[in-house]
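Please examine the sequence and coordinates shown here before reading on.

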Amino acid sequence: MKYESQKVALGYFVAAMALFGIQVLGGLLAGWIYVSPNTLSEILPFNVIRMIHTNALIVWLLLGFFGGAYFLVPEEAEREIWSVKLAWLQLGILIVGTLGAVASYLVGIHGGREFLEQPLWVKAGILVAALIFLFNITMTALAGRKTAITNVLLTGLWLLCLLWLFAFVNPDNLGLDKMYWWYIVHLWVEGTWELVMAAILAFLMLKLTGVDREVIEKWLYVIVATALFSGILGTGHHFFWIGTPGYWQWVGSIFSTFEVAPFFLMMSFAFVMVWKGRRNHPNKAALLWSLGSSTVAFFGAGVWGFLHTLHGVNYFTHGTQITAAHGHLAFYGAYVALNLAMFTYAMPMLRGRAPYNQVLNMVSFWLMTGGMAFMTFVLTFAGTIQVHMQRVVGDYYMDVQDQLGLFYMMRFGAGMAVVLGAVLFIYSQLVVRREVVARGKAMAGEVA
């Protein structure tokens with residue numbers, strides 16, 4: 001860590017990990033309700049648990065991105081953050097908004113739009129926090145050195161925040177509402193977030209491998225070009241069945257096919273950089289998370305996304321457990337694992353305990369990744385059966401659900417592995433001390 005103001009990132013990372021814990025616990029409870037549907041049905045209905053699970057995911061990932069930017073940009077710009085006080089104010093607004101949203105959900109107050117259920121005052125608070133962030137981080141970047149990593153990161157974050165304005169647009173026409181809704185949900189996760197992911201991954205590769213900046217920047221621009229080319233019109237795969245003109249079936253199918261490309265390039269980029277660098281960086285855990293993120297993102301977002309993105313296939317598969325399989329693996333690989341890679345790289349420096357014992361951290365990687373991979377396969381098989389019984393044969397939805405109980409039990413078991421891995425990760429980041437201290441104590445014990 002080179003700059004004192006980078007320490008503000010620690011607050012964002014700790015808040016993100018707290019919400020990460022809430023998110024996976026909410027997901028585990030939701031998974032159990034699939035097995036035993038009446039669990040807490042009168043105290044904490046499934047729709048509330050699902051809102052907490054999905055909203056906590058979005059918010060902690062955003063906190064991770066914001067914290068990552070406050071850590072990354074000073075090093076790239078070679079100057080301190082423009083205003084540390086504004087950064088802390090932004091974090092306070094986001095935490096108050098998050099707690100307010102959860103409290104509202106628990107008493108039945110929500111907007112009713114999936115992922116955008118936040119009450120209006122919370123949406124406004126998020127907008128204010130986003131504006132503070134954009135001003136603060138842009139002023140920092142403009143006053144310092146300009147790099148491709150900073151440029152791409154800022155482009156992604158500016159577009160991310162501007163697209164949030166569509167959260168305030170809620171037309172009476174349901175088809176039009178869904179079009180605007182996907183401007184946020186799709187253009188975030190399959191557009192602007194990909195730019196943020198590419199920039200953070202490039203920063204990590206630069207630090208972990210020692211490859212020349214020029215090489216990394218060339219890869220970065222190619223990845224960004226393919227992400228924007230495919231992602232913007234790829235929104236069409238969400239317009240298949242919401243009342244939009246038929247040409248979206250072809251536009252969505254064609255451009256969605258190309259959405260595999262940026263994730264394949266990111267995976268290739270990570271492995272090529274490690275091979276070219278041949279640098280023995282002490283933070284092996286951060287490198288593991290970085291390679292794991294790009295690999296799982298390719299399979300989750302790329303391969304599993306392609307499996308049901310063509311409109312002829314999507315006609316049967318949309319809204320089934322196949323969608324859930326794709327969504328879980330894609331989010332985990334592309335954004336969860338990437339944030340955890342950034343935490344793993346930055347936290348030891350922010351807390352002054354590098355180098356540290358990384359065994360628990362790497363165990364948490366394999367637990368979470370293995371659990372999520374097994375969950376994806378289970379949901380894929382469940383979705384295939386669901387498609388045949390429900391969409392082809394025409395059986396009733398609840399009758400089909402009764403036949404999927406074994407798959408939901410296995411999904412719950414996979415979720416337990418993910419939760420255990422998350423707990424180990426948080427423990428490894430917040431509790432495990434410097435490796436040299438641990439060794440020193442062990443040596444002192446041997447002498448005694």
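A salt bridge is counted here when a side-chain nitrogen of Lys or Arg lies within 4 Å of a carboxyl oxygen of Asp or Glu. The model under discussion is predicted.

Q: With which residue does Arg113 form a salt bridge?
A: The closest N and O atoms of the pair are 2.6 Å apart, which is within the 4 Å limit. Arg113 lies in the loop between α3 and α4, and its partner is in helix α6 (residues 174-209), so the pair ties together parts that are 64 residues apart in sequence. The partner of Arg113 is Asp177.

Q: Is Asp177 buried or exposed?
A: Buried means under 20% relative accessible area. Arg113, at 9%, counts as buried. For Asp177 the relative accessibility is 8%, so this residue counts as buried.

Q: Which residues are joined with Glu76 into one network of salt bridges?
A: The structure holds seven salt bridges. Some of these share partners, and Glu76 belongs to a network formed in this way. The residues joined with Glu76 are Arg213 and Glu217.

Q: Which helix gives the largest share of the lining of the second largest pocket?
A: The second largest pocket has a volume of about 170 Å³. Two or more lining residues come from each of α1 (8-35), α2 (46-77) and α3 (84-106). The largest share, five residues, comes from α3.

Q: How many residues in the lining of the second largest pocket are nonpolar?
A: The lining includes Ala15, Leu19, Ile52, Leu63, Thr98 and Val102. No charged residue is present in the lining, and one residue is polar. The number of nonpolar residues is ten.

Q: Which backbone nitrogen does the side chain of His281 reach?
A: His281 lies in the loop between α9 (260-277) and α10 (284-307). His281 is buried, with a relative accessible area of 14%. Leaving aside neighbours within four places in sequence, His281 is in contact with Lys207, Leu208 and Tyr345. The side chain of His281 reaches, at 3.0 Å, the backbone nitrogen of Asn283.

Terms used
Residues are numbered from 1 along each chain as its sequence is written. This is a predicted model: local features need pLDDT of at least 70, side-chain atom pairs count only at pLDDT 80 or more; totals for chains, interfaces and linings use all residues. Side-chain values use heavy atoms; hydrogens and water are left out. Helices (H or I, at least four residues) and strands (E, at least two) are DSSP runs, numbered from the N terminus. Buried means under 20% relative accessible area, exposed over 50%, partly exposed in between (1.4 Å probe, protein chains only). A polar contact is a pair of N or O atoms within 3.5 Å; within protein, one must be able to donate a hydrogen and the other to accept it, and residues adjacent in sequence count only if both atoms are side-chain atoms. Contact means heavy atoms within 4.5 Å. On a 1 Å grid over the protein atoms alone, a cavity is a set of points where a 1.4 Å probe fits but cannot get out, and a pocket is an open set with protein on both sides within 12 Å along at least five of seven lines; lining residues have an atom within 4 Å of a point. Grid points are joined across faces, edges and corners, and a volume is the space filled by probe spheres set on the points. Ala, Val, Leu, Ile, Met, Phe, Trp, Tyr, Cys and Pro count as nonpolar, Asp, Glu, Lys and Arg as charged, and the others, Gly among them, as polar.
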